[in-house]
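Please find below a colleague's note on the structure shown here.

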Amino acid sequence: MSPSLRRLRGSTLLLSGGLVLLVLVALGGAVALARDRGYNRLVIHTLEVQKVATATLGAVVDTETAQRGYLLTGAPGFLPQVERSRARAAALLSRLEALVADNPAQAAVAASLRPRLRERFAVVDETLALMAADRRGDAIGIVRQGRGLDLMRLLRADIARIVAVEEELLHARRAAAERSALMLLVLTIAGLVLATLLTLFAIRSLSARTREADAARATVQELNTGLEETVAERTADLRLANDEIQRFAYIVSHDLRSPLVNIMGFTSELQAVQRDLAGFVADAPADTPALDAARVAVDEDMPEALGFIHASTAKMDRLINAILGLSRQGRRVLNPETIDLTRLAEGIGDTVRHQLDEGDATLTVEPMPSIVTDRVALEQVIANLVENALKYTAAGRPAAVRIGARERAGFVDIEVADNGRGIDARDHERVFDLFRRSGAQDRPGEGIGLANVRATIRRLGGTVTLKSELGNGASFVIALPKVIPAAISLKDAA
Amino acid sequence: MKSTQNPVTIVMIEDDAGHARLIEKNVRRAGVCNEIVHLDNGGAAVAHLFDPAVRDNGPLLILLDLNLPDMSGVDILARIKDDEKLRRSPVIVLTTTDDKREIQRCYDLGANVYITKPVDYDQFANAIRQLGLFLSVMQVPESAA
């Protein structure tokens, strides 16, 4: 996980870096664009300055031309033309002054234009005034003097300077505009290339990530399926093994029973024969020494032998029945239902009432919660524990049995406690084994009850524990699920 | 049993010789003196029952043990109850098995009586003797000719 995580972080870092770069490129482009627009405006400005400057000169020349026309012909029609051109020249000059106001050098030159223009027009006015006074010769004399020509030359030189300066500016601005456009182009291309690269990289890393995720998901699914299969296999194996044991116990107990029937049967037949023989021998005269051995055999040896055979087979029959009972318990279909533990315990108390009264014993049933489990199995277990409590009493102490229960998360602990003779700590595990008993073997029993209790409780999904010390009573705690899991109760149906 | 009618033959299918002997003894003690044919395995039992000489000739009463070495008594029971002639013969299942499901299955297949052999001999003898008394009064259909 760690290397791929690091790769993920790396590619994220790279992507964000690329994005920042892209933003910078875009910003640069915007700046270049704005600058380009500025340059363009300046170029237009320069061209306008040149145009206005030249036009101003043109207007002055027009004035001069009209003046000369008038001087030459004396036709008054030239006078309005002189006025118009003069006004135009003045207006254009004002415009020029406004246009170059931002450039101090140009503005200074422009400012020098106005007095010269005024001077030039003053000369024109002078000639025109002389013409009006019919002194045409004087007027032409002024022209001939060349003062107007000198002024004109100066004016031309100034305007040419303005135009030339603007021309230089124009070149500089055009070059700047071109550079800016080039930069814009470069930035745009760079941005496009960067964006393309970023997109490609994003696509690549995304698809790589997707592939990784798909692979991971496939692996997880595979593992999951494998796990389920393994669990199913193991469960099936366990069930098979369990079934095998059940079947084994069942077959063994049946097949063991068959010879027992014979042993018991023919032993009884022998007993009948022995009784006949005993009667025959008893009927014989007492003083037949030949029959002495037969008498001993028939009266003592045979009954003794037959008695042992009988007792042993009877015991064997009980043991086989116990195994059969356990195997049956394991095969019985569980039927979960809600059980009021208090009522169940009281019911068991009723069935042992006679025993209680006989032994001065007491059975206390505390209020208990309800539980969902198999009634028959639970009843059998608690009855078994109560019977044990009443059976294994301490000498000189009437039995006092208490049944109580405590709830904890999901489980109910049912306790059957007594004040009986107790069980040695060494035997705490052993007493749950089949055919094993603890303490003095002075009470009837085969050592089946607790084995059955443990097998049954395990089947119900619970555990049984024992707390006891010799001479101080015993307490069995059955921990059962509050509601028997469906997996357990349904297992039998399968 | 009246000698006027074809006497009922008891076919005892029992693999355990001891059991067979004990059953026979106690049946006899109950005063039943019909012929008892003892067969100690499933194959022989089927061969005997389906032998035309037996199948067509006779009222039969069958004592059947379920735990046979070569086949299950339940299978024999099924075949008997499947046969148009043998199906009328009463079958008494006499076995050590006292499993509820097995008992149900036998009755479902058409067993007439199911008796579990008690290990306790007094009970065993008593049961067989009562069966004997029962046999001496029960009517067995003539096999259809």
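1. The model is predicted, so local features need pLDDT of at least 70, side-chain atom pairs count only at pLDDT 80 or more, and totals for chains, interfaces and linings use all residues. Residues are numbered from 1 along each chain as its sequence is written, chains are lettered from A and ligands numbered from 1 in the order written, and side-chain values use heavy atoms, without hydrogens and water.

2. Helix α2 of chain A (residues 78-99) has 22 residues; at 1.5 Å a residue it should span 32 Å, and its end C-alpha atoms, 31 Å apart, agree with this. The expected span is 1.5 Å times one less than the number of residues; helices (H or I, at least four residues) and strands (E, at least two) are DSSP runs numbered from the N terminus.

3. The buried residues of α2(A) include A:Val82, A:Arg86 and A:Leu93 (buried: under 20% relative accessible area; exposed: over 50%; partly exposed: in between; 1.4 Å probe, protein chains only). Seen down the axis, the buried residues of α2(A) fall within an arc of 145°, so they line one face of the helix. The face turned away from that side carries the exposed residues A:Arg84 and A:Ala98.

4. A:Ile189 lies in helix α5 (residues 147-283) of chain A and is partly exposed, at 47% relative accessible area.

5. A:Asp360, in the loop between α8 (353-358) and β2 (362-365) of chain A, has a positive phi near 60° although not a glycine. A:Asp360 is exposed, at 61% relative accessible area.

Terms used:
Arc of directions from axis to C-beta.
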